[in-house]
Amino acid sequence: MRLLFLTVSNIGPFRGRHDFDFRVDKDVNGFAFFAENGRGKTSLYNAMRWALWGEVLPRVRALMGSKVRAAPIPIVGDFGDDVLLNADALRDDNVAEMSVLLLAENEKGEQMQVLRTARSTTTMPRDDSEMSISLVVNDGQETHSDAIAQMAVERFFPRELERFFFIDGEALEEYTDMLEQDSEQGLKSDVEAVLRLPALSRGKDDLVELEKKVSTQLSRTKKASGQAQKAEREYHA
């Protein structure tokens, strides 16, 4: 899977429209964002996740060896809250709107364009219920919207494999910090909580268990893809 083009508008610190062109050597299929804190690295990461799956889940946190999950990051909220919509757009625009356009290509050369938009239905919205969300997807052959569009996205970008599409560098830093701790108590649970991947602490046994989990997940993804294709055929029938 290769990211080709990304456009973000009024999301995080990005006020207005910003284009990012990743169409480089075809041998390159991975990109890293480097910048100082507060420059928008995580916002780009979140923008792509929101465009594809319609929500952004914060990283799983580790607390005393237990996993702590938070609610999805809202699009809007009270000033000062951690939200997706650009603060200036929320404050100054009569109709607050944010959007993300993503263009990607798979290993077969097939391209998909995803455009997700959130538009306020009231002035100064304070809750996501006051935002109208739309999704339009073009898979190179047809243009889909909303529910059918989401099924098309899931075939191209299986949600179950999200962790392999996008890697948050801050999570890796937390992992490094934990390895430098003197105490090993709860380390395995902490690593799994932060990276959402099992810690390999028993060598071969862990690798065998990991292989089983991956095989099971791929089987579920294949089944879900088949169900989505069947639903789409029935929809067009």
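**Notes on the predicted model**

1. Confidence first: mean pLDDT (the predictor's confidence in each residue, from 0 to 100) is 79 for the protein, and 71% of the residues score at least 70. This is a predicted model, where local features need pLDDT of at least 70, side-chain atom pairs count only at pLDDT 80 or more, and totals for chains, interfaces and linings use all residues. Residues are numbered from 1 along each chain as its sequence is written, and side-chain values use heavy atoms, leaving out hydrogens and water.

2. The open sheet has six strands in the order β2-β1-β5-β6-β7-β8, with antiparallel pairing (strands pair if DSSP finds at least two bridges between them). β2 (14–21) and β8 (143–145) are the edge strands, each pairing on one side only.

3. Have a look at strand β5 (residues 97–105): seven of its nine residues are buried, meaning under 20% relative accessible area (1.4 Å probe, protein chains only). Seven bridges tie β5 to strand β1 (residues 2–11), antiparallel, with L102 in β5 standing opposite L6.

4. With strand β6 (residues 111–120), β5 makes nine bridges, again antiparallel. A104 has M112 as its bridge partner there, and L103 stands opposite Q113. Five residues lie between the strands of this hairpin, where G109 takes a positive phi near 85°.

Definitions and conventions
Buried < 20%, exposed > 50% of the residue type's maximum accessible area, 1.4 Å probe, protein only. Helix = DSSP H or I, 4+ residues; strand = E, 2+ residues; numbered from the N terminus.
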